[in-house]
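Student: I would like to learn how to read a protein model from the whole chain down to a single residue. Where do we begin?

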Amino acid sequence: MAITQQSSLSVDQAAYEQIAYFALRSELLFDQAADVMPTNQSMPGSSVVFTKYADLSAATSPLTEDTDVTPVAMSDSQVTVTLTEYGNAINTSAKLRGTSFLDVDMAAANIIGYNAGDSIDQVVRDVLAAGTQNIFYGSGGASLPTSRATVGSDDIITANNIRRVTASLRGKNVVTYNGYYMGFIHPDVSYDLRRETGNASWNAPHVAVDTANIYNGEIGTFESVRFIETPRAKIFANASDGSGSSTGSSATVDVYCTHIMGRQSLAKAYSMVDGNGPFPKVVQGPVVDVLRRFNPTGWYWLGGYGRFREEALSRIESASSIGS
């Protein structure tokens, strides 16, 4: 008896899930630190100048009854944020749209939207990492580094590094975000902070009393810092030659940035003309080819960031025990 089976005909084929998945993505975080923005801008311009008044020195000497006081001069300083164009685009073809079993235009819009946030978040991060003041170094090694180039592979972050930074911020009267400073830390560095042992470490109170953060695998708040973990935290690849390591290693070391900041550490300026605003806009480009086959989708932003109060921004540069 003849049986018609799979090998008899050519009607079978693979089936495809019609929901597409996108790449693994980290959340967009750094922009939230920019709490200084123009609210009364005089006019559109290529840059925005913010002005800061300085306080007078304390007058602690008693006045003389018959002598007038000597007036002192006021002083100010300015921070300029330059507006710069940023953008990217995807152009899909008519043949792709006509033969794909997925909605490629919808996928293009999704990818473009994430690319906008991802790109601008890195712009903000690089502005924060470019500061040259208030830099501390991981103290997990035998000797404390004196520069990025001398960070050894064992110079990992410690709980005392966090205390040192918060003491510095408080000493400068830096205002908190609702009681906490804001901290951005790479997961590799978070690993080192959470695994440190000893009564004064992050680990001790969570093991003994508050175990929730250990189970959740997150830092949470520690020493008045609300930590946010992000793999987008700045890494200076091969920035150290490793000579600062107690092991005497000559291998290069990646140096991680942990940012701890208070209010008014970062300023943001942007254009309000032609539909621009505080965040990138998605742009549906015009179809201009002869046969109307190419459909462009992109994003555009005209804006910029700048460090507003250097004293409100601190950075810990360290290695990681699970880094390169």
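Tutor: Begin with the surface. In this predicted model, the chain exposes about 18,800 Å², and carbon and sulfur atoms supply 52% of that area.

Student: What percentage of the residues in the chain are buried?

Tutor: Of the 324 residues in the chain, 38% are buried. As for secondary structure, the chain has six helices and 14 strands.

Student: What do the contacts say about the chain?

Tutor: Take the contacts between residues at least 6 apart in sequence: 76% of them join residues at least 24 apart.

Student: How do I read a helix such as α3?

Tutor: Compare its span with the expected one. Helix α3 covers residues 159–171, 13 residues in total. From first C-alpha to last it reaches 19 Å, close to the expected 18 Å.

Student: Which residues of α3 are buried?

Tutor: The general idea comes first. An α-helix has 3.6 residues a turn, so residues three or four places apart point the same way. In α3 the buried residues are Ala159, Asn161, Ile162, Val165, Thr166, Ser168 and Leu169.

Student: What follows α3?

Tutor: Asn173 follows α3, and its phi is positive, near 60°.

Student: How far is the C-alpha atom of Ala107 from that of Tyr21?

Tutor: Their C-alpha atoms are separated by 9.3 Å, although Ala107 and Tyr21 are 86 residues apart along the chain.

Methods
Residues are numbered from 1 along each chain as its sequence is written. This is a predicted model: local features need pLDDT of at least 70, side-chain atom pairs count only at pLDDT 80 or more; totals for chains, interfaces and linings use all residues. Side-chain values use heavy atoms; hydrogens and water are left out. Helices (H or I, at least four residues) and strands (E, at least two) are DSSP runs, numbered from the N terminus. The expected span of a helix is 1.5 Å times one less than its number of residues. Buried means under 20% relative accessible area, exposed over 50%, partly exposed in between (1.4 Å probe, protein chains only). Contact means heavy atoms within 4.5 Å. Accessible areas come from the Shrake-Rupley method with a 1.4 Å probe; for residues, only the protein chains shown count as cover.
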